[in-house]
Amino acid sequence: MEEKPARLTVLIDAEKKKAFERLCASQDITASQMVRQLIKEYLVKHGIEYTPALEKKTGS
């Protein structure tokens with residue numbers, strides 16, 4: 001059975017959100033893509049191992 005993505009809701013200051021979205025857009029990346037990248041880097045930094053859903057499905 002395919003795993004569905006999980007939603008993470010984060011409350012931040014509206015102006016900080018706008019600035020973050022502008023910065024992401026200037027780097028041709030969405031805010032969601034950047035948050036996923038930051039989470040992945042944080043997990044690696046702290047030595048947390050996990051298997052992404054895509055790898056679980058394909059076995060790669």
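1. Let's start with K18: in this predicted model, K18 has a relative accessibility of 42%, so it counts as partly exposed. Its side chain meets that of E15 in a salt bridge, with N to O at 3.5 Å. E15 comes out at 48% relative accessibility and is therefore partly exposed as well. K18 and E15 are 3 residues apart in helix α1, which means about one helical turn separates them.

2. The other pair to look at is K17 with E21, a salt bridge whose closest N and O atoms are 2.8 Å apart. A search of the whole structure gives 2 salt bridges. As background, side chains of opposite charge can pair when their charged atoms come close.

3. E21 also turns up in the packing between helices. Along with F20 and C24 of α1, E21 is part of a group that meets A31, M34 and V35 in α2. How do the two helix axes cross? The axes of α1 and α2 come within 9 Å and cross at roughly 90°. With 65 to 115 degrees counting as roughly perpendicular, the two helices are therefore roughly perpendicular to each other.

4. Between those helices, have a look at D28, which sits in the loop joining α1 and α2 (31–45). Its phi is near 55°, a positive value in a residue other than glycine. Is D28 buried or exposed? At 73% relative accessibility, D28 counts as exposed.

5. V35, already mentioned for its place in the α1 and α2 contact, is also part of a nonpolar surface patch with L8, V10, I12 and I39. Together these residues have about 440 Å² of accessible area. I12 belongs to the segment before α1 (14–26). With a relative accessibility of 44%, I12 counts as partly exposed.

6. Now the overall picture. The protein has 3 helices and 0 strands, and reads α-α-α along the sequence. How much of it is buried? Of its 60 residues, 3% are buried. The accessible surface comes to about 5,900 Å², and carbon and sulfur atoms account for 57% of that.

Note on methods. Residues numbered from 1 in each chain as written. Predicted model: local features only at pLDDT ≥ 70, side-chain atom pairs only at ≥ 80, totals over all residues. Heavy atoms only, no water. Patch = residues over 30% accessible without salt bridge, like charges linked within 9 Å, V, L, I, M, F, W, Y side chains within 5 Å. Areas by Shrake-Rupley, 256 points an atom, 1.4 Å probe, with all protein chains shown as cover. Salt bridge = Lys/Arg side-chain N within 4 Å of Asp/Glu carboxyl O. Helix = DSSP H or I, 4+ residues; strand = E, 2+ residues; numbered from the N terminus. Buried < 20%, exposed > 50% of the residue type's maximum accessible area, 1.4 Å probe, protein only. Axes fitted to C-alpha atoms, helices over the stretch in contact; angles between N-to-C directions. Parallel < 35°, antiparallel > 145°, perpendicular 65-115°, else oblique. Contact = heavy atoms within 4.5 Å.
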